[in-house]
Amino acid sequence: MNGIVIAIIVVAAIGLVCGIMLSVASKLMAVPVDETFEKVRACLPGANCGACGFNGCDGYANELASGNCTEANRCTPGGQDAATGIAEILGLESGSVVPMVARVCCRGSYDNTGDKFDWEGEEKCTSSLLLFGGKNDCIYGCVGYGECADVCPQNAICIKDNLAHVMPEYCIGCGLCVKTCPSSVIELVPRSSKYIVVCNNCTRGREAMTVCKASCIGCGKCEKTCEHGAITLTNNLADIDQEKCVQCGACVEACPRKCIVEL
Amino acid sequence: MSAAGFVAILLTSILVENYVLSKFLAICSFLGVSKNLKSAMGMSAAVIFVMVVATVATWPIYYFILEPNGLGYLQTIVFILVIASLVQFVEMFLKKSAPALYTALGIFLPLITTNCAVLGVVVLNITKSYSLPESIVNSLGAGIGYMLAMFLFNGVRSKCDNADVPKPFKGVAITLVAASLVSLSFMGFTGIVSGIFGEV
């Protein structure tokens, strides 16, 4: 009986001492936390994607709270809500946030194109591209080893049949994949735009035609069809200016290679 | 105890009785954090630090409070209590006085609270009836051994990442196989310390 009492007393005493020590320490060593930082941080989504150009959400909130950064609209995943919230707390102009989404501008799956050779090295896009511009027939297209999928913080990219696909419902528009893709085949486009050119091939006519069944051959039909001057042909590749585009869809009809698509 | 004795204890706890690879403690953090060299080193630094501090705190508690009262059987629960509050205290202290070190150790300090290698080393110090200086050297060695294991295994893992692993072995499977092979290689150190310094 006595032993139990001593044991209880000893453990309780040690617990008490630890507890008192901790509570005293928490009073003595309290570090004042900047309230603005906490509030600003609460407006951000916490994806830590780095789209704002700072070191994660904490980094951006810190820069905003300390006044080093005065742009409230740098968080793409947070969108307009985050920008308005931050602007309210700090008394800044909220500015506008265009919700963006990443799109893979290539249709080079194995249905449309093939491989020049078998690649048996490291299964990474950058490694494959070191040799003869990659294993694919088309050197401008998606290599399909999914380096973009590796960096995506939302797992919104999947590789299917040697081609990367972005699932727009999960994409937060941070642009990490755009920066990562060694073939520059992924683009950030406004969520509202309906028509995009899904090819990245800069060669002309026959050459573009032989490497892929779904390539832009630079014929310029879309440029002539577009009444609003939204399409220009640069480097044998059609380019839609999303600001001028009125979403009429005439170019989709005109394209003989079906490489302008409606989303 | 002579200097050679301390060196023997240090080498034993680093190589022969490596806490991760021979005693199989702290496997969770060993597999979880070793993916990235920077965080592996951060975690190891925090482990070394906490192990030494925990030893300094628990050794007197055992020999001055528990043992005189015949409460040796309470060591596990008391040590857990002490280590947990100690880590909390150290975290607060660092936040206040050394913010740079605090951000460097970051998430690793609170994680270590429940690291079984830390508890293991303080309990084994008592079991082996080491004196206080010996205990400190032993926990230092255990921490360094943890760092060594993390460093080696990080290299092995980056090799695994770049290798063409057969599909059934991908991911966790190949990591566990690799860990067991690294552990096997540490079996080669058996007897090396007693061979050099004689039985300790």
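Trainee: The axes of helix α3 (residues 37-66) of chain B and helix α8 (residues 132-162) of chain B come within 9 Å and cross at roughly 165°. Why is α3(B) called roughly antiparallel to α8(B)?

Mentor: Angles run from 0 to 180 degrees between N-to-C directions, with axes fitted to C-alpha atoms, for helices over the stretch in contact. Over 145 counts as roughly antiparallel, under 35 as roughly parallel, 65 to 115 as roughly perpendicular and the rest as oblique. The crossing is at roughly 165°, so α3(B) is roughly antiparallel to α8(B). This is a predicted model: local features need pLDDT of at least 70, side-chain atom pairs count only at pLDDT 80 or more, and totals for chains, interfaces and linings use all residues. Residues are numbered from 1 along each chain as its sequence is written, and chains are lettered from A and ligands numbered from 1 in the order in which they are written.

Trainee: Why is α3(B) called oblique to α4(B)?

Mentor: The axes of α3(B) and α4(B) come within 10 Å and cross at roughly 135°. That value makes α3(B) oblique to α4(B). The residues of this contact include Val50(B) and Leu66(B) of α3(B), with Gln75(B) and Val90(B) of α4(B); contact requires C-beta atoms, placed from the backbone, within 7 Å. By class, the contact of α3(B) with α4(B) has 14 nonpolar, two polar and no charged residues.

Trainee: How many residues does each chain give to the contact between chains A and B?

Mentor: Chain B gives 16 residues and chain A gives 14 residues. Helix α4 (residues 75-97) of chain B supplies the largest share of the side of chain B that touches chain A, eleven residues. That side of chain B has ten nonpolar, four polar and two charged residues.

Trainee: What makes β6(A) and β7(A) a pair?

Mentor: Strands pair if DSSP finds at least two bridges between them. Four bridges join strand β6 (residues 231-234) of chain A to strand β7 (residues 237-240) of chain A, and the two run antiparallel. Thr232(A) stands opposite Asp239(A) in β7(A). Two residues lie between the strands of this hairpin, where Asn235(A) takes a positive phi near 50°.

Terms used: Contact = placed C-beta atoms within 7 Å. Nonpolar A, V, L, I, M, F, W, Y, C, P; charged D, E, K, R; others polar.
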